[in-house]
Amino acid sequence: MEVLTDTRHELGECVLWCERTGRLLWTDIPAATLWAYTPATGRTASWPMPERLCCFALTGSDDRLLLGLASGLAFFTFSSGKVTRICDVEPGMPSTRLNDGRCDRQGRFVFGMFNQADNPKHALGGFYRLNLDLSLERLPLPNAAIANSICFSPDGRRMYFADSAQKAILYADYNPCSAEVGRVHTFVAADAVPGEPDGSTIDADGYLWSTRWGAGIVARFAPDGRLERTVPLAAPQPSCPAFGGADLATLFVTSAHVGMSDSERAAAPLSGALFAQALDVRGLPESRFLHA
């Protein structure tokens, strides 16, 4: 994979492509910074956030994002730089923060939490959904230590997710009409491929692309859980994938150097970079948060 920018993020995450503006968005969580890159111009821009930005979603307006900040949810307006708070999440649990999140096919934002205190980490945080009326509900899913891999099948009937500490990727039956969350199944076993599952995305064929933290690869899994291919990159800690570009056939991947020793960083100097590779498959436009 080729490197797109000169930045080296401590923990690059949550990369998304906006097909309307033709730009790539991502976050460096510890730096509390939102980043953007426009391939057509080669321009990179960034915006400081009031606290760590862990995940975010596109909305119906190109001037606004839904932010998943460490302690809660908010809207961000590009033109003014204004952050408008929506709600806190797990305010009684200071050891947890938001982590991974993505909109379902009906435009509701689904996200999970990260245990930032324990080592080894215990499964403390829940999975939540921000509904279109801005009400917040906890989903009937197992607690997680490091919630990740949240994405949805093309028809919206599967919600994929993982606790990276447990390594398996799961999916729950998901009713796109009623938003009911049903039975949980194992999609990819913990020992099926090296590394821990971090971020994931779904392509137009319904295959799941999983960044494998610690293994320096992105793995593509068929809807039946079969490993179809792996794509290597020159960083051992890839964190999140997204399809983008004019034809949605470019895979973008964030990476991180958090926790790496000086010798490990010297051996992998591209750690923390943003990567890209053209592929023979296409992605899907990113689902948007559809609050009016």
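These notebook entries record what I looked up in the predicted model above.

**Ground rules.** I worked on a predicted model, in which local features need pLDDT of at least 70 and side-chain atom pairs count only at pLDDT 80 or more, while totals for chains, interfaces and linings use all residues. I numbered residues from 1 along each chain as its sequence is written, and side-chain values rest on heavy atoms, with hydrogens and water left out.

**Entry 2, the partners of strand 4.** I took two strands as paired if DSSP finds at least two bridges between them. Strand 3 (residues 23–28) pairs with strand 4 in the antiparallel sense over 5 bridges, and Asp 28 has Thr 33 as its bridge partner in strand 4. These two strands form a hairpin with 4 residues between them, and Ala 32 in the turn has a positive phi of about 50°. Strand 4 also pairs with strand 5 (residues 43–48), again antiparallel, over 6 bridges, with Ala 36 opposite Ala 45 in strand 5. That hairpin likewise has 4 residues between its strands, and Gly 42 in the turn shows a positive phi of about 75°.

I then turned to an open sheet of 4 strands in the order 10-11-12-13, with antiparallel pairing. Strand 10 (96–103) and strand 13 (136–138) stand at the edges with a single partner strand each, so one side of each is left without a neighbour in the sheet. Neighbouring strands of this sheet are turned by 30° against each other on average, direction ignored, the angle being taken between axes fitted to C-alpha atoms, on a scale from 0 to 180 degrees between N-to-C directions. Strand 10 and strand 11 are joined in the antiparallel sense by 6 bridges, and the bridge partner of Cys 103 in strand 11 is Phe 109.

I listed 14 aromatic pairs in the structure, where rings of Phe, Tyr and Trp (its six-membered ring) pair if their centres lie within 6.5 Å, and planes under 30 degrees apart count as stacked, over 60 as edge-to-face and the rest as tilted. The pair of Phe 109 and Phe 111 is stacked, because the ring centres are 5.7 Å apart and the planes stand at 25°. Phe 111 also stacks with Tyr 128, at 5.7 Å centre to centre and 20° between the planes. Since Phe 111 lies in strand 11 (residues 109–115) and Tyr 128 in strand 12 (residues 127–130), this second pair ties together parts that are 17 residues apart in sequence. As for burial, I noted relative accessible areas of 0% for Phe 109, 0% for Phe 111 and 9% for Tyr 128. Elsewhere, Tyr 160, Tyr 171, Phe 187 and Phe 221 form one aromatic cluster.

I defined a nonpolar core as a set of buried Ala, Val, Leu, Ile, Met, Phe, Trp, Tyr and Cys residues joined through side-chain atoms within 4.5 Å. The largest has 40 residues, of which Leu 34, Phe 56 and Phe 109 touch the most other members, and its largest share, 6 residues, comes from strand 6 (residues 53–58). Another core, of 15 residues, lies apart from it and includes Phe 127, Met 159, Phe 161 and Leu 170.

I counted a charge as sitting over a ring if NZ of Lys or CZ of Arg is within 6 Å of the ring centre and within 35 degrees of the ring normal. The charged end of Arg 97 sits over the ring of Phe 114, 4.3 Å from its centre, and that of Arg 220 sits over the ring of Tyr 207, 3.8 Å from its centre.

Methods
Buried < 20%, exposed > 50% of the residue type's maximum accessible area, 1.4 Å probe, protein only.
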